[in-house]
Protein chains: 2
Amino acid sequence: MATGRTHRPATRSRGIPEATVARLPLYLRALTALSERSVPTVSSEELAAAAGVNSAKLRKDFSYLGSYGTRGVGYDVEYLVYQISRELGLTQDWPVVIVGIGNLGAALANYGGFASRGFRVAALIDADPGMAGKPVAGIPVQHTDELEKIIQDNGVSIGVIATPAGAAQQVCDRLVAAGVTSILNFAPTVLNVPDGVDVRKVDLSIELQILAFHEQRKAGEEAAAEAAVPAAARKASTDQGPDGDVPAVMPA
Amino acid sequence: MATGRTHRPATRSRGIPEATVARLPLYLRALTALSERSVPTVSSEELAAAAGVNSAKLRKDFSYLGSYGTRGVGYDVEYLVYQISRELGLTQDWPVVIVGIGNLGAALANYGGFASRGFRVAALIDADPGMAGKPVAGIPVQHTDELEKIIQDNGVSIGVIATPAGAAQQVCDRLVAAGVTSILNFAPTVLNVPDGVDVRKVDLSIELQILAFHEQRKAGEEAAAEAAVPAAARKASTDQGPDGDVPAVMPA
DNA sequence: CCTTGTGAATGCGTTCACAGCA
DNA sequence: TGCTGTGAACGCATTCACAAGG
């Protein structure tokens, strides 16, 4: 993991486990929904169900933030929303640039979930001079030449890369040199970044391949199950081990 | 919990750890690149660098697949490509449907990385009757009414949900009822699925929030560092672990 | 009673370090 | 000699089960 640094720095570490951090946005979303329905309090059991995790995990997660619940009652929805938002740094405004305004970049620019939480699309950047000036999602696309200036003028620290794979590392280098320290990478490439820069990646192709792996195994199991009873000949031939553990890719 | 099986069933488990499975596509991509450059063999060290992991992890990962390397030499690139492809189930063809042809759905339909590995977009489905018949990425959009028929006629087992959050669960239920057993969810919702169905999710907003968390912490550390050492003493770099790896989005 | 908060137990994944083998 | 393959050690995450406390 990019971030999972294990450093034990001088200051009394605030130390929230990475796995917990990754779930906070999930809790926040569930809480926001409750808040909109004006639900005042929620138990760990209920909230866990809404977020798709189990309640013990949720309580443990919250215990890293502090003691925000009331025994015998549950958690105050509004208060928790605030605490988690603050912990995630969503009480401030994060200007974001998107580099690479193709199909995907445009889709990201149009994505509403952006503004909903502290994120603001500060600029769209593309290498195609023909795109310069054209508005996408109401924001004019700017040319790559302006990249450094844009980053600096807007104090951008988070960049989204939606370029073709071939351009990604180069764009990444420029973003980092200009001061970006967090990158969300949609290009199917491994990005090399210096220490102190976080990279998270989203890769459709990888996700599908992981699904295919499990899918294939399910098919093998079916066949094995079918063959198991009828045919007595249990040869060791099929080395395709029928072990039935299909891991939970997600809560649910 | 959807899946989280823990059972240790009869047969001796073929058991490839989930974390390993999630990295196989990464190795495969690096190997494919080497293959295209006609590199015949590669050491664990080199391949690990290309995939952005450390070599011990890579060797351990491969050890779950079998002994495909040669001591003192390394791995045969072509052979490994084949073995990993087979393990991931990419030697067969996976028809996929995309439901929800908005900005994102259209971007996914146009995404080239699909066909490159065993995946084929069998159909595009949208609830808007106005879209029916319109071609996106060369494929005519079909109406949601046809969903069940499409799934069954094409033997689709993998579905991609790119609808608005409000429609996702409903679409998911219909996909599952029609026979889909693997779902890639782009909608910002927790999907409930029966056992035996795998769900992976991709959520832009969550990724950004995780980045924001670390970003905020960096800012805090900077300030703390500045305050801690008023003037001189710039110590030996910032802590930071030795490994410069790149993360993964993974389960959740 | 109820539900939170948390030590303790367990399980999984990563890393280490070296034995085994071309 | 050099690199793979792997047992063992370690560390992180999850789960259990119950004490604490409204």
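Here is a chat about a predicted model with protein chains and DNA strands.

Trainee: Which residues come nearest to DNA strand D?

Mentor: Keep in mind that this is a predicted model. Of the 29 residues around DNA strand D, the nearest are A:Pro17, A:Gly72, B:Ser44, B:Gly69 and B:Gly72. The elements giving two or more residues to that surface are helix 1 (18–36) and helix 3 (55–65) of chain A, plus helix 2 (44–51), helix 3 (55–65), strand 2 (69–70) and strand 3 (74–76) of chain B.

Trainee: Which element gives the most there?

Mentor: Helix 3 of chain B, with five residues.

Trainee: And how does the surface near DNA strand D split by class?

Mentor: There are 13 polar residues, eight nonpolar and eight charged.

Trainee: OK, what about DNA strand C, which residues are closest to that one?

Mentor: The closest are A:Ser44, A:Gly69, A:Gly72, B:Pro17 and B:Gly72, out of 28 residues that surround DNA strand C. Here the elements with two or more residues are helix 2 (44–51), helix 3 and strand 3 (74–76) of chain A, along with helix 1 (18–36) and helix 3 of chain B. Helix 3 of chain A has the largest share of the surface near DNA strand C, at five residues. By class, that surface has eleven polar, nine charged and eight nonpolar residues.

Trainee: Let's switch to the overall layout. Where are the domains of chain A?

Mentor: Domain 1 covers 18–88 and domain 2 covers 94–204. Taken over C-alpha atoms, the centres of those two domains of chain A are 31 Å apart.

Trainee: Now the sheets in chain B. What's the strand order in the open sheet of seven strands?

Mentor: In chain B the order is 6-7-5-4-8-9-10, and the pairing is mixed. Strand 6 (135–136) and strand 10 (198–201) of chain B are the edge strands, each pairing on one side only.

Trainee: Which helices pack on that sheet?

Mentor: One of them is helix 5 (residues 103–110) of chain B, which touches strand 4 (94–99), strand 5 (119–126), strand 6, strand 7 and strand 8 (158–161) of chain B. The direction of helix 5 makes about 160 degrees with that of strand 4 of chain B. Another is helix 8 (residues 165–178) of chain B, touching strand 4, strand 8 and strand 9 (182–185) of chain B. Its direction is at about 170 degrees to that of strand 8 of chain B.

Trainee: Is helix 5 of chain B mostly covered or mostly exposed?

Mentor: Mostly covered, as six of the eight residues in helix 5 of chain B are buried. Those are B:Leu104, B:Gly105, B:Ala106, B:Ala107, B:Leu108 and B:Ala109.

Trainee: Back to the strands: how do strand 6 and strand 7 of chain B pair?

Mentor: They are antiparallel, over two bridges, with strand 7 of chain B covering residues 139–143. B:Pro135 has B:Pro140 as its bridge partner in strand 7 of chain B.

Trainee: And which way does strand 5 of chain B pair with strand 7 of chain B, parallel or antiparallel?

Mentor: Parallel, over three bridges. There, the bridge partner of B:Asp126 is B:His143, in strand 7 of chain B. Strand 4 of chain B also runs parallel to strand 5 of chain B, with six bridges joining them. B:Trp94 stands opposite B:Phe119 of strand 5 of chain B. Six of the eight residues in strand 5 of chain B are buried.

Trainee: What about the open sheet of three strands in chain B, what's its order?

Mentor: That one goes 1-3-2 in chain B, with antiparallel pairing. Strand 1 (41–42) and strand 2 of chain B are at the edges with a single partner strand each, so one side of each has no neighbour in the sheet. Helix 4 (residues 77–88) of chain B packs on this sheet, touching strand 1 and strand 3 of chain B, and its direction makes about 70 degrees with that of strand 3 of chain B. Strand 1 and strand 3 of chain B pair over two bridges, and the bridge partner of B:Thr41 is B:Asp76.

Trainee: Last one: where is A:Val136, and what is it in contact with?

Mentor: A:Val136 is in strand 6 (residues 135–136) of chain A. Beyond its neighbours within four places in sequence, A:Val136 is in contact with A:Ile101, A:Ala106, A:Ala109, A:Leu124 and A:Val141.

Trainee: Why does A:Val136 count as partly exposed?

Mentor: Because A:Val136 has 19 other C-beta atoms within 10 Å, and buried takes 20 or more.

Note on methods. Residues numbered from 1 in each chain as written. Chains lettered and ligands numbered in written order. Predicted model: local features only at pLDDT ≥ 70, side-chain atom pairs only at ≥ 80, totals over all residues. Near = placed C-beta within 6 Å. Helix = DSSP H or I, 4+ residues; strand = E, 2+ residues; numbered from the N terminus. Nonpolar A, V, L, I, M, F, W, Y, C, P; charged D, E, K, R; others polar. Domains from an automatic or database assignment. Pairing = 2+ DSSP bridges. Contact = placed C-beta atoms within 7 Å. Axes fitted to C-alpha atoms, helices over the stretch in contact; angles between N-to-C directions. Buried ≥ 20, exposed ≤ 12 C-beta atoms within 10 Å, placed from the backbone.
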